[in-house]
Amino acid sequence: MTRLTRSEGFAVLAFGLLALLVATGARGADPQRGNALYQECKRCHQAGRGAKHRIGPHLNDIFDRRAGSLSDFRYSSAMRKAGEAGLVWTKATLDAFLTNPRKMVPRSRMSYEGMAASRDRMDLLAWLRTLSGSRTGLPVAEPTMTIDEFGLDPRVLDAAGDPEYGAYLASECTTCHRPDGADEGIPSIVGWPVDDFVITLQAYKRGKRRHQAMQTIAKRLSNEEIASLAVYFGRPLAGP
């Protein structure tokens with residue numbers, strides 16, 4: 001048998017590792033694929049140039065940000081307390097949160113069940129990482145949610161809402177949804193931007209979002225009643 005020199009041995013070893021990586025499909029994180037995966041998040045979060053808070057906070061500069069720390073977003077009490085206890089969004093903590101948000105921060109308003117595949121999480125975080133650290137050259141993100149998505153007449157959003165009437169109507173909603181904004185298996189509806197709330201209920205009313213109970217409830221509501229509920233539930237959250 002031919003005996004390999006030390007350098008030849010390293011070359012064989014390196015080739016073998018490369019072959020193993022190719023064979024097992026191992027690769028680096030793919031931010032472009034992560035951008036595609038972000039479409040799953042965009043109903044609640046905006047990201048990229050001009051991103052604003054929606055149902056959830058914008059995701060620009062999420063890395064190294066203390067949880068619950070943006071002064072102009074109304075976080076749940078659970079998320080604010082997690083930040084005060086020292087939770088900072090790093091690759092590791094974001095990975096854990098994406099895996100199971102409710103396990104990591106119980107009773108937050110994050111209603112997402114979690115992203116099971118590690119590869120998906122790594123690609124998504126790779127894309128979000130491109131939005132942290134510098135505000136120059138940020139990629140343009142698609143709008144998070146538009147009324148065109150539901151084919152909604154823009155005049156529906158102009159309906160005036162009465163918060164007192166919304167409080168009266170809210171009793172039916174709070175038989176399932178927590179009035180303090182906590183999420184215990186049923187998504188929070190407190191603190192939403194008014195337009196998001198109206199668009200969502202109108203989508204149920206028109207059968208474009210699937211949930212039989214929500215469709216039944218929404219179909220009974222007039223545009224003015226939906227607007228009143230939106231104003232009422234969009235009120236500032238009470239402090240801890």
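In this predicted model, helix α8 passes helix α10 in a right-handed crossing. The chain as a whole comprises ten helices and two strands, and its elements follow the order α-α-β-α-β-α-α-α-α-α-α-α along the sequence.

**Packing of α8 against α10**

- Helix α8 spans residues 194-205 and helix α10 spans residues 223-233; their axes come within 9 Å and cross at roughly 140°.
- An angle over 145° would count as roughly antiparallel, and α8 and α10 are therefore oblique to each other.
- On the α8 side, the contact is formed by V194, F197, V198, L201, Q202 and K205.
- On the α10 side, the residues in this contact are N223, I226, A227, L229, A230, V231 and F233.
- Sorted by class, the contact of α8 with α10 has ten nonpolar, two polar and one charged residues.

**Packing of α7 against α10**

- The axes of α7 and α10 lie 7 Å apart, and the two helices pack at an angle of about 90°.
- Because angles of 65 to 115 degrees count as roughly perpendicular, α7 is roughly perpendicular to α10.
- From α7, the residues that meet α10 are P163, Y165, G166, A167, L169, A170 and C173.
- Their counterparts in α10 are E225, S228, L229, V231, Y232 and F233.
- By class, the contact of α7 with α10 has ten nonpolar, two polar and one charged residues.
- L229, V231 and F233 of α10 take part in the contact with α8 and also in the contact with α7.

**Buried face of α9**

- Helix α9 covers residues 212-220, and its residues M214, Q215 and A218 are buried.
- Viewed down the axis of α9, these buried residues fall within an arc of 100°, so they line one face of the helix.
- The elements that cover the buried residues of α9 include α8.

**I186 in the loop between α7 and α8**

- I186 is located in the loop that runs between α7 (163-173) and α8.
- With a relative accessibility of 35%, I186 counts as partly exposed.
- The C-alpha atoms of I186 and C176 are 7.1 Å apart, while the two residues are ten residues apart in sequence.
- When neighbours within four places in sequence are left aside, I186 is in contact with C176 and H177.

- Most residues other than glycine have a negative phi.
- D61 has a phi near 55°, a positive value in a residue other than glycine.
- D61 sits in the loop between α2 (31-37) and β1 (65-66), and its relative accessible area of 23% makes D61 partly exposed.
- D64 likewise has a positive phi, near 70°, and is a residue other than glycine.
- D64 also belongs to the loop between α2 and β1, and with a relative accessible area of 60% D64 is exposed.

**Chain-level totals**

- The chain has 240 residues, of which 39% are buried.
- Among contacts in the chain with a separation of 6 or more, 62% are between residues 24 or more positions apart.

Definitions and conventions
Residues numbered from 1 in each chain as written. Predicted model: local features only at pLDDT ≥ 70, side-chain atom pairs only at ≥ 80, totals over all residues. Heavy atoms only, no water. Axes fitted to C-alpha atoms, helices over the stretch in contact; angles between N-to-C directions. Helix = DSSP H or I, 4+ residues; strand = E, 2+ residues; numbered from the N terminus. Parallel < 35°, antiparallel > 145°, perpendicular 65-115°, else oblique. Left-handed = near helix turned anticlockwise from the far one by under 90°. Contact = heavy atoms within 4.5 Å. Nonpolar A, V, L, I, M, F, W, Y, C, P; charged D, E, K, R; others polar. Buried < 20%, exposed > 50% of the residue type's maximum accessible area, 1.4 Å probe, protein only. Arc of directions from axis to C-beta.
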